[in-house]
Amino acid sequence: MRVMSQRDRATRLLARNPPIIFQQHTIMAGESELSIEETNKIRLSLGLKPLKVDTAPAPGAASAGGEPVYDDTTEGRERRAVDNWRKHEAELEKEAARKKRLDEIKKAREAAQRFRKLEGTGLADEDEDVEDTTSWVKKMKKRQKKKAAEIAREMEEELARAAAEQKEYTAAELKGLKVSHDLSQLGEMGEETILTLKDTTIDENEEEGDELISTDLVERERLMERLDLKKKKPTYNAYGDEAEGGEKQLLSKYDDEEEKERKKKRFVLDGTGSLANNETYRQQVAEKLKSKAMSLDIPKPEVASDYIDLSTIKVKKPKKKTKSTRKRSADNGDALYLSPSAGAEDDNAMEVDDSTAPAVRLKRKIAEDVSFVDDEDLQASLTIQRRAALKKRKILKPADIARQLLEESTENGASTPGAMDEDTKEEEEAGLIIDETSEFVATLRAPTASDRRARSVSAQTAPEATRVNEESPEADGDIDMVRDERSVSVKLENSPPPAITSTGLGEETTISRGVGATLAMLNQRGLLRRDPEAEKKLELSRQREKFLRDKRLREIEAEEKAKAARAKDRQSGKFERMSAREREEHARWENKQRDLQESREMVQRFKDYKPDVTLSYKDEFGREMNQKEAFKHLSHQFHGKGSGKAKTEKRLKKIEDEKKREAASGLGSAADNAVSTAARKSKQAGVRLM
Amino acid sequence: MIEVICNDRLGRKIRMQCEPDDTIGDFKSLVAAQIGTTADKIVLRKWYSEFKDHITLADYEIRNGSLLEMYYR
């Protein structure tokens with residue numbers, strides 16, 4: 001673009017040349033112009049240099065060197081620029097022409113090169129020396145001969161090769177081949193072994209030559225290695241680095257596979273192909289025989305083991321099942337192994353005992369055994385016994401159990417005949433038995449609604465009875481109530497009130513001995529339930545209070561001590577000897593020491609400091625907010641926006657309601673309040689709730 | 001030497017011969033000599049840029065045949 005604009009300017013300038021032109025301008029109306037002379041006059045009067053009037057360069061004005069001379073006027077300068085421009089243009093043109101010429105030359109050369117390949121006679125071109133038939137026939141014959149000779153040579157080669165291939169190998173040809181196995185190993189393999197060439201890379205083959213291996217042997221070796229790895233021998237060898245073979249090896253476990261390979265024994269085949277004649281083999285066998293000394297002593301008879309072999313153990317199958325259990329218990333030396341007397345009265349209890357208790361006990365026994373003697377045999381035998389016992393127990397039939405029960409009951413009957421007679425009779429009658437204990441247990445169940453109602457009813461109907469009940473610590477009243485309800489006759493036992501009643505239960509507490517006793521009773525009956533968490537909290541708060549008290553006490557003590565120390569210092573006249581600055585320094589040091597000690601003590605204190613952290617959020621009315629409300633509140637604070645009008649109103653209303661309810665519940669009855677709220681809700685007056 | 005045309009569009013149109021290295025002040029005094037208004041009353045302008053007295057015509061790129069607006073203050 002710049003070039004273009006320059007060119008434009010130049011052309012414009014050229015068009016305007018020569019500069020005299022503006023003398024010839026037609027002066028339009030209203031335009032005033034002074035002549036150059038007049039202007040020059042004015043200029044002179046103003047103290048300016050006169051105008052330089054450019055004269056058109058005469059062709060003879062060029063200097064001797066051929067360079068045109070430009071005078072120092074505007075026109076002169078412009079002429080110079082124009083000349084320069086022309087020169088530049090000419091140069092550019094010349095350059096372009098040169099380039100074009102070069103291109104043409106290059107193109108021509110390339111074309112020549114391209115067509116050089118096509119020189120000579122082509123297929124389409126006619127042969128220059130057209131053969132006649134005789135020469136052609138001659139040529140063909142020559143060619144045929146040549147071909148025949150070639151074929152014959154090839155045939156020969158082929159035959160030679162075939163002959164080489166068909167040649168039979170003998171054992172003698174194997175002479176000098178390496179075998180990468182130990183001779184003895186090969187001997188162990190049997191009479192005949194098939195050896196194959198080892199798989200190697202070309203490099204290895206170049207280095208070591210052919211090697212023979214037996215695939216069977218290699219396979220076996222690999223298997224052995226794998227088994228060795230599986231055995232997980234400890235890598236640490238306590239007694240030096242002596243390997244099994246007696247060779248001294250340093251950290252042999254880190255040896256490479258290649259190293260191992262290298263250490264393998266090898267031998268070289270001789271011409272015979274059989275081991276028997278192999279010299280090295282014979283030598284080795286002889287050495288082996290020599291090294292192995294044979295003892296002529298008669299081997300000692302082995303001492304029999306203390307434990308019977310596991311396989312020979314046979315747990316005897318006892319004839320009677322009941323007997324077997326007892327016998328086993330005797331064997332184990334555990335009197336509590338089975339507790340038949342305990343379970344005599346209740347079938348269910350008996351069953352439960354039988355199935356679970358002995359197993360557990362046996363296990364514990366085993367554990368004890370193991371802890372003393374780590375004997376696998378014993379353990380194994382015990383497990384077998386246990387398993388058998390369990391199996392047998394599972395098979396027990398109800399009939400058997402019944403029989404067992406009968407037997408046991410008769411045994412018990414021998415000791416206390418009267419009571420047991422009754423029992424057995426009743427058992428035969430198969431009726432419902434209700435005695436004092438079972439009745440009491442029945443009443444001990446969680447207090448249900450019906451129970452409580454019955455109790456209250458009975459209290460209303462028979463207040464005297466309850467009074468009696470309160471007065472006497474006996475379980476009279478309770479039983480009476482039960483009798484009222486269920487009309488079951490129960491034999492009562494009248495006995496003096498001991499610490500523990502005949503029922504085996506603690507004496508019932510009464511409320512006649514003050515608030516503590518009342519509380520204790522309520523507690524005992526489970527009416528007043530203490531919250532374990534609350535108790536824990538109480539304990540914690542107590543601890544905290546104690547901690548704070550201690551801390552305050554300690555602080556006071558420390559202050560006192562510091563005061564005393566300061567007073568002592570003052571008295572001793574220590575300060576008299578110091579300058580003010582020293583005194584200050586001393587005081588500071590003391591303070592620092594004190595602080596240090598205090599902080600150390602605090603650390604000690606804080607070791608057993610258990611803070612009870614509860615986050616409680618209060619709203620603007622001082623109400624406790626629950627988690628949800630607190631979250632909302634925080635969120636609103638964070639985002640800098642509150643809930644809208646409706647929600648705020650709702651909340652305020654809720655709070656007000658709450659307040660009202662609280663006030664009402666404090667004064668009037670809750671039921672009244674409920675009724676009124678329900679009425680308000682349903683917008684009806686006088687609605688009965690029930 | 002260049003020729004510059006000054007026009008005040010009120011009836012005065014002047015062709016001035018001058019040198020490109022004349023300052024605007026010189027040019028103004030030349031114009032003043034021609035039209036009879038004092039040089040300090042003349043304002044030369046091209047569009048919105050007023051020419052300053054101490055700067056030459058060449059610096060303002062005023063060339064042969066350029067047209068300047070002339071105002072009076």
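In this predicted model, strand 1 of chain A and strand 2 of chain B run parallel and are joined by 3 bridges. Within this pairing, A:E33 stands opposite B:R15 of strand 2 of chain B. B:R15 is also the bridge partner of B:I5. The two strand pairings are set out below.

| Strands paired | Direction | Bridges |
|---|---|---|
| Strand 1 of chain A and strand 2 of chain B | parallel | 3 bridges |
| Strand 1 (residues 2-7) and strand 2 (residues 13-18) of chain B | antiparallel | 6 bridges |

Both pairings belong to an open sheet of 6 strands with mixed pairing, in the order 1(A)-2(B)-1(B)-5(B)-3(B)-4(B). Strand 1 (31-33) of chain A and strand 4 (49-50) of chain B each have a single partner strand, so these edge strands are left with one side lacking a neighbour in the sheet. Helix 1 (residues 24-35) of chain B packs on the sheet, where it touches strand 1 of chain A as well as strands 1, 2 and 3 (42-46) of chain B. The direction of this helix makes about 130 degrees with that of strand 2 of chain B.

Chain B contains 1 helix and 5 strands, arranged from the N terminus as β-β-α-β-β-β. Of its 73 residues, 32% count as buried.

The contact between the chains takes 17 residues from chain A and 16 residues from chain B. On the side of chain A, strand 1 and helix 2 (36-46) each give two or more residues, with the largest share, 4 residues, coming from helix 2. This side comprises 8 nonpolar, 5 polar and 4 charged residues.

Terms used
Residues numbered from 1 in each chain as written. Chains lettered and ligands numbered in written order. Predicted model: local features only at pLDDT ≥ 70, side-chain atom pairs only at ≥ 80, totals over all residues. Buried ≥ 20, exposed ≤ 12 C-beta atoms within 10 Å, placed from the backbone. Pairing = 2+ DSSP bridges. Contact = placed C-beta atoms within 7 Å. Axes fitted to C-alpha atoms, helices over the stretch in contact; angles between N-to-C directions. Nonpolar A, V, L, I, M, F, W, Y, C, P; charged D, E, K, R; others polar.
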